[in-house]
Amino acid sequence: MRVPGLSLGLRQTKLVWPILLLLLVGAVLTALLPSAEDRGPLGVVAAVRRASPPQENRARVDGTEEEQRFTIIIQTYNRTDVLLKLLNHYQALPHLHQIIIVWNNVGEQTPLKLWNSLGPHPVPVVFKEQASNLMRNRLQPFPEIVTDAVLMLDDDTLLSVPDVSFAFSVWKQFSEQIVGFVPRKHVLTSGGVYSYGSFELQDPESAGGDRYSMVLIGAAFFHRRYLKLYQDLPQSVHVLVDETQNCDDIAMNFAVAVHLKKTGSVNKPSGVFVKPVDLRNLEKEASSGYQGMWHRPEHLLQRSYCLNRLTKICGFMPLHFSNLMVSQFGFPTYANHMSRG
């Protein structure tokens with residue numbers, strides 16, 4: 001038997017509790033809102049906008065401007081058509097601050113006027129005209145470089161946007177080292193002479209091919225401080241590079257390795273190898289038909305020669321081995337990276 005008064009009382013009680021809960025939530029939210037003075041004429045939206053970091057300060061909140069962006073350096077000679085393709089491609093890179101072109105076509109006009117006439121472009125391009133065609137021109141500490149990270153690229157190398165973005169993220173974790181896509185190694189022969197080669201070059205004792213001791217700078221990130229470090233190398237190193245028109249990348253690995261040792265990282269290798277997913281060579285697309293110096297028959301012999309000369313200048317062999325290969329799809333320890341250089 002139902003009692004009408006009791007049923008009505010229970011029903012009213014059930015209705016009161018939700019109302020009280022809503023009132024309580026409303027009071028809490030009201031207390032959390034900014035005051036009327038803070039809200040201003042635009043209300044809560046204005047307060048939220050003021051609480052958010054302004055556009056010019058976002059880099060300071062998330063990290064300095066130098067940490068969040070990078071500069072590309074490309075040295076070019078006699079491949080203007082390919083260069084323009086690369087410039088168009090790399091404009092799409094996120095976090096890219098600017099592109100510096102080291103123009104080694106002495107006495108020839110740069111394509112800057114043509115490039116600007118087809119603008120606007122999202123990333124500025126700076127041409128640095130050189131007085132002589134030297135390999136080491138690209139390793140100058142240009143005043144236009146304001147980012148910590150430098151991505152150095154050969155003028156026939158096309159890297160995919162995901163590859164560059166991933167390598168940049170890796171460099172942030174290994175900013176004291178060269179982080180790049182082309183590893184190489186040195187091997188001490190039984191006669192006490194060093195030989196230069198790639199992964200397939202076997203060590204006489206261990207016969208191991210799954211390690212490297214250098215990362216070439218023709219497709220690599222490194223800190224801009226190493227440009228100044230390179231300039232401060234002994235004059236005999238610069239003479240060696242100019243005589244051979246070769247080996248500036250080996251000298252850079254020596255410089256970084258010595259620097260790491262001096263700063264307490266005794267056994268740290270000069271570089272970290274990032275396995276590329278899409279790295280292309282556009283040399284054959286150049287209308288000039290110009291072939292890189294790595295096609296010369298004496299190229300590898302010169303690089304072995306440089307290894308031994310640099311070791312003598314340095315007084316010891318500073319390079320250390322690594323088998324770390326960072327990949328977007330895992331961390332294998334070996335890859336037979338059969339590419340040039």
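The paragraphs below go through some backbone features of this predicted model and then its salt bridges. Residue numbers start from 1 along each chain as its sequence is written. In this predicted model, local features need pLDDT of at least 70, side-chain atom pairs count only at pLDDT 80 or more, and totals for chains, interfaces and linings use all residues, while side-chain values use heavy atoms, with hydrogens and water left out.

Begin with the backbone. Gly119 and Pro120 are joined by a cis peptide bond, with omega about 5°. Pro120 sits in the loop between α7 (112–117) and β3 (125–129). Helices and strands are DSSP runs numbered from the N terminus, a helix being H or I over at least four residues and a strand being E over at least two.

Next come two residues with positive phi. Asn78 is not glycine, yet its phi is positive, near 60°. Asn78 belongs to the loop between β1 (70–76) and α6 (80–90). With 31% relative accessibility, Asn78 counts as partly exposed; the word buried is used under 20% relative accessible area, exposed over 50%, and partly exposed in between, with a 1.4 Å probe and protein chains only.

Cys247 is another residue other than glycine with a positive phi, here near 75°. The loop between α10 (235–244) and α11 (248–262) holds Cys247. Is Cys247 buried or exposed? At 1% relative accessibility, Cys247 counts as buried.

Now turn to the charged side chains. A salt bridge is counted when a side-chain nitrogen of Lys or Arg is within 4 Å of a carboxyl oxygen of Asp or Glu. By this rule the model has 11 salt bridges. One of them pairs the side chains of Asp242 and Arg136, at 2.8 Å from N to O. Asp242 lies in helix α10 and Arg136 in the loop between β3 and β4 (149–154), so this pair ties together parts that are 106 residues apart in sequence. Asp242 is partly exposed, at a relative accessible area of 26%.

Asp232 and Lys228 also meet through their side chains in a salt bridge, at 2.8 Å from N to O. Lys228 counts as partly exposed, with 46% relative accessibility. A further salt bridge joins the side chains of Arg280 and Asp278, at 3.0 Å from N to O. Arg280 is partly exposed at 47% relative accessibility, and Asp278 is partly exposed with a relative accessible area of 24%. Finally, a network of salt bridges links Arg79, Asp155 and Asp156.
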